[in-house]
Every structure is written in C-alpha cells, then in structure tokens.
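This briefing goes through a structure by topic, from the overall chain to single residues. Please read it alongside the sequence and the coordinates.

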Amino acid sequence: MTTPAREFLQVAAEKSANLSQRKAIRRAIDHYDASARSGRARFADWEAARQRCHDIKWEALNHLDKYLLEFERNLKARGGQVFWAETAEDARRYVTDLATRRGVRTIVKSKSMVTEEIHLTPALEKIGMRVFETDLGEFIVQLRNEPPSHLVMPAMHLTRTDIAKLFEEKLGDFLARGSADFDDPPQLVAAARRALRRAFFSAEMGITGANFLVADCGMIAITTNEGNDRLGTAIPRIHVAVAGIEKVLPHFQDLALFWPVLATAGTGQAISVYNTLIGGPRTAGEIDGPEEFHVVLLDNGRTDLLADAEQRDALHCIRCGACLNACPVFRTVGGHAYGTTYSGPIGSVLTPHLRGLNEYQHLSYASSLCGACTSVCPVKVDLHHHLLHNRRNAVRSADRARLERLGFKMWRWTMMGPRRFAAAGWLGRAFVRALYAIGLGGTAFDPLRPWAQYRALPSMPRKSFRALWRERGAD
Ligand code: SF4
C-alpha cells in the first residue's frame with residue numbers, strides 16, 4: 001500500500017535525478033537570491049523590521065478573537081458578507097452553493113494558496129463551472145493539470161521551452177504566427193493574456209485569496225505583480241475572497257511595513273506592483289466592482305495550531321516562500337515531491353497539523369536542520385526547531401513509539417559496551433563483505449544500497465579504527 005511517506009521518497013528520488021528541473025529551480029532561486037539580497041539592503045535595519053513584523057503578528061494572533069470580530073464588523077458595515085468556515089468542506093460548500101444559486105458558469109481566480117488547500121477548483125469543476133487561473137504561473141500549471149510547485153513561483157520548475165511547447169499544444173490559436181522565436185517570453189505572455197482576457201469578460205464570479213485582513217478598516221489586502229486580481233475583482237458581479245483566519249493584521253498602518261517586507265522576502269522587490277485594498281461591494285456612483293462581496297474566513301486546523309503554545313508562531317507565516325528558496329532539500333527535489341499544498345520548511349511544519357501527524361511526520365525529516373529557513377523568515381518563524389518538535393511528537397506518538405524505542409534501546413545497549421560495539425562493527429563489516437562476495441551487493445539485502453546508488457562504494461576495510469589504533473600502539 002502506498003503512503004504519503006513512500007510517495008515522497010519515490011517522487012523525491014525521481015525529481016532529484018531530473019537535472020532539467022533542478023537547473024530550472026536553481027536558475028530561478030539564483031535570480032531570487034540576488035534580488036532579495038539587494039532588497040534587504042534597502043532597509044535601514046532589516047533585522048529590526050523582521051522583529052517588528054514578528055511582534056505585530058504575535059499581537060494579532062494572541063488577540064485573534066478580538067481582531068477577527070473587528071474585521072467582520074467593519075466589513076459588514078460596508079455591505080460585505082462574512083462566512084466562518086470551520087473546515088475545508090464548509091468553505092467549499094459555501095462557495096459552490098453560492099455559485100450555483102447565482103447561476104455562475106465561469107469563474108476567474110487570482111493566485112491563492114488557501115483555495116489550493118481546500119481543493120476549491122476541483123469542487124467547482126465537479127458542478128460544471130469553468131474555472132480559470134489568471135496568475136500567469138498558476139495558469140501554466142493549470143494547463144499542465146498539476147498543482148503549483150512553489151508558494152510564490154508556481155511554475156518555477158519549468159523552462160521557457162517547456163512553457164512554449166505547452167502553449168503550442170494548448171493555446172495554439174492565441175500564439176502570434178510567424179514569430180521568429182518559438183520560446184520568446186513576451187510572445188508567450190501575450191498569448192496567455194489573449195486567452196485570459198476572454199475569461200475575464202465572461203466571468204460572473206472572481207475568487208481571490210487575501211494576503212492580509214486588516215481589522216481596523218475591515219478590508220482585505222491583495223498583492224500581485226500582474227494586476228490580474230484587479231480585473232478579476234472589478235469585472236465579475238460576485239467577488240469571493242477566501243482567507244485563513246491567521247491573515248489578520250490589527251491596523252491599517254501595519255501594511256506600511258508588511259507590504260515592503262512581503263515583497264522583499266517574496267521576490268526581492270521594493271514593493272509589489274499591485275497592492276489592492278477591497279472593503280466591500282460596489283457602492284452607488286462607482287463605475288466598477290462587484291455587486292456582492294463575500295469573505296470566507298477559514299479555520300481548517302488553525303485554531304488547533306493556535307492552541308499549541310510551542311508552535312503557534314507558524315501561524316505568523318505570510319507565505320513569502322523565502323524559506324523554500326533557502327532550503328537545500330527544496331532546491332533539490334522541488335515542490336511537487338512533498339505531495340502537499342504547502343511545501344518546503346513551512347509546509348513540513350504546517351502539514352502535520354493540517355492533515356495529521358501520523359501520515360505526514362516524514363516531512364519533518366526532509367530537512368538537514370541547517371536553520372537557513374529560520375534565518376531568512378521575515379516574520380521569524382522558528383522553522384527548524386518546529387521540525388525538531390514534530391520529530392519529537394512523532395516519536396512519542398503511539399505507532400512509532402514501540403519500534404523506535406526498541407531500536408534505540410538496542411543501539412544504546414550496543415554503544416554502552418566497548419566489546420559489544422567492537423563485535424557489532426565486525427559483524428556489520430563481515431556482513432557487507434559477504435553480500436558483495438556472493439554478488440548480492442546493491443540488492444534489497446544491502447543496507448548500504450540507498451547510499452551507494454549515487455556514490456561509489458569504498459571497499460569495506462578488514463580492520464576497524466579501534467584495531468588499527470591498537471596496532472599502532474596509541475593509548
Ligand atoms: S515561514 Fe517565513 S519564510 Fe517561510 S513562507 Fe512563511 S513567512 Fe516566508
């Protein structure tokens with residue numbers, strides 16, 4: 001039977017051997033690293049900015065009840081509607097029912113990880129809606145029928161040639177004919193724009209996420225670099241924003257810090273190109289905007305995480321993706337290997353809370369614990385320590401405990417006796433030598449097989465370090 005852990009190991013092995021993907025990821029992250037470095041240098045004191053962000057999020061999460069109610073009150077006062085969704089199922093049902101009741105056929109979506117988390121698009125497609133992702137990267141991965149591979153750069157695993165071939169196959173009618181360069185980026189972008197423009201003008205509903213929910217003004221803040229969120233919220237007659245409850249910020253002026261910090265950590269920009277505040281449906285005299293504006297506030301396991309004093313700072317995350325870019329494991333295997341909505345270090349911390357520790361404990365081990373993720377996080381989530389906490393919790397959990405305890409007891413017993421240690425070393429060396437002598441080296445019996453798959457195996461020494469030490473007369 002396949003499990004998420006087995007799948008992770010299998011896909012990670014495939015992806016790490018896929019040199020074209022690794023090259024594409026490395027190129028994207030190298031470019032990001034250079035921009036983020038100069039972005040951070042633009043701050044008078046980047047460390048102070050990180051600390052301030054951390055403190056603001058701490059305040060928001062420690063008074064979440066107060067700030068969420070304040071947000072709801074202010075938004076409703078301007079005609080917006082708020083739905084509190086305890087589970088992913090509640091959120092999906094609210095949006096699908098609303099779309100059905102209003103006779104919606106076409107939906108344009110702006111990039112939103114939380115809608116990926118609740119699998120909203122498949123639920124809408126199942127009831128016959130046509131759903132278009134309008135962020136370019138998301139549009140590309142939607143055409144490929146695959147999930148985003150990164151929080152900020154959904155198609156980072158693809159080369160422009162991959163994208164050109166995809167567009168040739170799926171968007172042939174929208175490509176300019178006679179172009180000299182088959183994979184010319186401006187031509188590809190123009191083709192996507194032509195295809196999406198039709199969707200924008202036929203959509204009855206626009207769906208977005210929200211980077212922030214601002215309590216004291218009752219508005220959602222959305223950040224993009226393409227402006228697709230503005231078209232997607234201004235043209236359709238219904239706008240639905242889905243947001244995790246942890247996205248709340250207490251004050252309007254907090255955006256003055258969070259917008260540039262998010263842009264710097266996310267892409268290395270001083271500020272993203274489009275920062276939009278939406279506080280309600282269209283009012284009398286306004287020439288655009290939706291007739292209805294709904295905000296779905298999603299819990300889906302977040303209050304359980306909030307109750308965990310040790311790890312609740314994981315809810316500070318602003319989904320900038322910096323920890324993914326810094327992680328040597330993510331850089332090697334890419335986002336799809338994780339098999340989860342949130343990948344990289346923050347995904348490995350969050351997923352066991354959102355989907356269950358038993359099935360997703362393996363993600364805590366997909367880390368070298370180098371701490372690079374923690375050091376780049378703009379809101380100071382203590383990521384690598386949380387991975388350790390998850391490992392500890394996994395060991396304590398009922399299923400793992402018996403086997404691991406037995407293994408570690410045996411290991412301790414062996415290590416505590418010099419003779420036992422020497423005997424175990426001798427047996428191990430003899431066993432591996434015998435396997436290779438009878439031609440079973442590298443097979444399922446070989447304990448060194450995973451290691452030797454990608455490296456030359458040095459010959460097994462006849463004598464141990466201890467034996468050599470004794471022979472050479474050292475004390
Ligand atoms: S944990 Fe920190 S670095 Fe990682 S995505 Fe969230 S905010 Fe960014």
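Predicted model: local features only at pLDDT ≥ 70, side-chain atom pairs only at ≥ 80, totals over all residues.

Residues are numbered from 1 along each chain as its sequence is written, and side-chain values use heavy atoms, with hydrogens and water left out.

**Chain**
- The protein chain holds 23 helices and 10 strands, taken as DSSP runs numbered from the N terminus (helices H or I, at least four residues; strands E, at least two).
- Its C-alpha trace spans about 95 × 60 × 50 Å along the principal axes.
- Of the 475 residues, 50% are buried (under 20% relative accessible area; exposed is over 50%, partly exposed in between; 1.4 Å probe, protein chains only).
- Among contacts (heavy atoms within 4.5 Å) with a separation of 6 or more, 73% join residues 24 or more positions apart.

**Ligand shell**
- The ligand is surrounded by 13 residues, the closest being Cys317, Cys320, Gly321, Cys323 and Cys377; a residue is near if one of its heavy atoms lies within 4 Å.
- By class the shell has 11 nonpolar, 1 polar and 1 charged residues, where Ala, Val, Leu, Ile, Met, Phe, Trp, Tyr, Cys and Pro count as nonpolar, Asp, Glu, Lys and Arg as charged, and the others, Gly among them, as polar.

**Cysteines**
- The model has 0 disulfides, a disulfide being a pair of cysteine sulfur atoms within 2.5 Å.
- Cys53 is buried at 0% relative accessibility, and its sulfur is too far for a bond because the closest cysteine sulfur, in Cys377, is 9.4 Å away.
- Cys327 is in no disulfide either, with the nearest cysteine sulfur, that of Cys373, 6.6 Å away; Cys327 is buried at 7% relative accessibility.

**Helices H8 and H9**
- H8 (residues 136-143) and H9 (residues 160-170) pack at about 65° with axes 11 Å apart; axes are lines fitted to C-alpha atoms over the stretch in contact, and angles run from 0 to 180 degrees between N-to-C directions.
- Phe139, Ile140 and Leu143 in H8 meet Ile163, Leu166, Phe167 and Lys170 in H9.
- That contact has 6 nonpolar, no polar and 1 charged residues.

**Positive phi**
- Most residues other than glycine have a negative phi.
- Asn145, in the loop between H8 and H9, has a positive phi of about 60° and is exposed at 74% relative accessibility.
- Lys380, in the loop between H18 (372-376) and H19 (383-396), has a positive phi near 60° and is partly exposed at 28%.
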